[in-house]
Amino acid sequence: MEAKSSAVKVEGLSRRFGSIEALKEISFEIPTGTVFGLLGPNGSGKTTTIRLLLGLLEPSGGRAEVLGMDPIRQGNSVREACGALLEHTGLYERLTAEDNLEFYGKVWHMPKPERAARIEELLNSIGLWERRKEVVGGWSRGMKQKLAVARALLHRPRLVFLDEPTAGLDPVASAALREDLLRLAEQSGVTVFLTTHNLSEAEKLCSQVGVLREGRLLAVGAPEELRGRKGSQRVEIFGRGLTGEALLAQLNALPEVVGARQANQHLVIDLTEDADSAEVVRFLVMQGAAVDEVRKTGTSLEDVFLALMEEQK
Ligand SMILES: Nc1ncnc2c1ncn2[C@@H]1O[C@H](COP(=O)(O)OP(=O)(O)O)[C@@H](O)[C@H]1O
Ligand SMILES: [Mg+2]
């Protein structure tokens, strides 16, 4: 069994465009059957990474292995074994949903009965079976994007690349697409490589996340590992007598406090990794505050991401 093998292996991968270093020696591995998210702001090199992995671009340095193949020398085989949803949905606006999938099923040389069964299965799974006879040109962006994901998964690829699959979708449509994605990934055991600049999305979908900034991979790990790693803990303190600039200044001067701020009548305090929140509570009480409740909220991936983005370049 190859259950433990890597679907993608990247070592020191680099790519320049003239004087622009779009990717700088990035390395990571994606275990088979997992959902990996490449997270980064616009221009950080996400799409370039996907294009390199699909053999649509050649690296300036380093190497990649995709499903055990070399995307440069075996580009066609890589692209046949993978599904991809890049910037464009690849859908024909004037065709019905069903005919779009039919078309791609033929492109992939899927035999008719298998094609029909797979199309029905996918359309059911994304809740669009009843609407299969509709021309997709009139559909919402969310529906089109769902269909585009189904299109990418049609030929049962072992690995699927999704470049910012929820970009431009409203929160409801994004959430619906994420649910479909997770269900489809689970059902089929497909390895998913997706990019996003949306942190909470990465947190919801991905078991592993890589954080990219200006072509450098700053961190790779499970979202909860990355959260733990920036070494801060957050506590929210509720009560009375917690307001005032002077108190905030005193808090911020404490060695165990990374940052303290006021939010809606309560305090939000980021503490250093090994700080004891009880010390801070004691300090507040000594200043005359009445503390009702202390909530440890931890840090979000967003905090980690912003911290990584702000670290000296
Ligand atoms: N074909 C190209 N020619 C020149 N520069 C490019 C090309 N493709 C990407 N770049 C540059 O490489 C960097 C990374 O781009 P890209 O991978 O598209 O980022 P992202 O997908 O994270 O927004 C950007 O500075 C972009 O302008
Ligand atoms: Mg991009």
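**Figure 1. Shell of residues around ligand 1 in the predicted model.** Helix 1 contributes three residues to the shell around ligand 1, which is the largest share. Both helix 1 (46-53) and strand 2 (20-31) supply at least two residues of this shell. The ligand is surrounded by F17, I20, A22, G40, N42, G43, S44, G45, K46, T47 and T48. Classified by residue type, the shell comprises seven polar, three nonpolar and one charged residues.

**Figure 2. Packing of helix 5 against helix 6.** Two packed helices are described by the angle between their axes and the distance between the axes. Here the axes of helix 5 (residues 141-153) and helix 6 (residues 171-188) come within 9 Å and cross at roughly 15°. Helix 5 is therefore roughly parallel to helix 6. The crossing of helix 5 with helix 6 is right-handed.

**Figure 3. Residues at the contact of helix 5 with helix 6.** On the side of helix 5, the contact is formed by R141, G142, Q145, K146, V149 and L153. These residues meet A173, A176, L177, D180, L181, L184 and S188 of helix 6. By class, seven nonpolar, three polar and three charged residues take part in the contact.

**Figure 4. Hairpin of strand 11 and strand 12.** Strand 11 (residues 257-263) and strand 12 (residues 266-272) run antiparallel and are joined by six bridges. Within this pairing, R261 has V268 in strand 12 as its bridge partner. Two residues lie between the strands of the hairpin, and N264 adopts a positive phi near 40°.

Key
Residues numbered from 1 in each chain as written. Chains lettered and ligands numbered in written order. Predicted model: local features only at pLDDT ≥ 70, side-chain atom pairs only at ≥ 80, totals over all residues. Near = placed C-beta within 6 Å. Helix = DSSP H or I, 4+ residues; strand = E, 2+ residues; numbered from the N terminus. Nonpolar A, V, L, I, M, F, W, Y, C, P; charged D, E, K, R; others polar. Axes fitted to C-alpha atoms, helices over the stretch in contact; angles between N-to-C directions. Parallel < 35°, antiparallel > 145°, perpendicular 65-115°, else oblique. Left-handed = near helix turned anticlockwise from the far one by under 90°. Contact = placed C-beta atoms within 7 Å. Pairing = 2+ DSSP bridges.
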